[in-house]
Amino acid sequence: MAERVAERLERGGQSARTVTTKVRYSDFSIRSRSTTLPIATDEGGRIAELACDLLDRALADRPGALRLVGVGVSGLEDFRQLALLG
């Protein structure tokens, strides 16, 4: 899911500062968790890493079977900050 989100960002020439996961439990209740980065990203691996951390948090708060898991981004920017290599 994170890779597809990253591909859409790249195609649109955008990057995102906030990554959000949404989970739906077997009783149809929904929980979402998000995290905001200081510098926007369009890297699928980074989005996946953050989404997995958020999913772990959601499951720690309320363990149980899941019906649905989603990954999304927000805080879109039209450019990507370049990292300096040392």
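Leaving aside its neighbours within four places in sequence, which residues is Ala6 in contact with? With contact taken as heavy atoms within 4.5 Å, Ala6 meets Asp42, Glu43, Gly44 and Ile47. The structure is a predicted model, in which local features need pLDDT of at least 70 and side-chain atom pairs count only at pLDDT 80 or more, while totals for chains, interfaces and linings use all residues. Residues are numbered from 1 along each chain as its sequence is written, and side-chain values use heavy atoms, with hydrogens and water left out.

Helix 2 spans residues 44–61, helices being DSSP runs of H or I with at least four residues and strands runs of E with at least two, numbered from the N terminus. Gly44, Ile47, Leu50, Ala51, Leu54 and Ala58 of this helix are buried, that is, under 20% relative accessible area with a 1.4 Å probe and protein chains only. These residues lie on the same side of helix 2, because they cover an arc of only 135° around the axis, as judged from the directions from the helix axis to the C-beta atoms. Their cover includes helix 1 (2–11), strand 1 (15–25), strand 2 (30–41) and strand 3 (66–77).

The largest nonpolar core has twelve residues, among them Ala6, Ile47, Leu50 and Val71; such a core is a set of buried Ala, Val, Leu, Ile, Met, Phe, Trp, Tyr and Cys residues joined through side-chain atoms within 4.5 Å. Helix 1, strand 1 and helix 2 each give two or more residues to this core.

Thr18, in strand 1, is buried, with a relative accessible area of 13%.

Notes: Expected span 1.5 Å × (residues − 1). Buried < 20%, exposed > 50% of the residue type's maximum accessible area, 1.4 Å probe, protein only.
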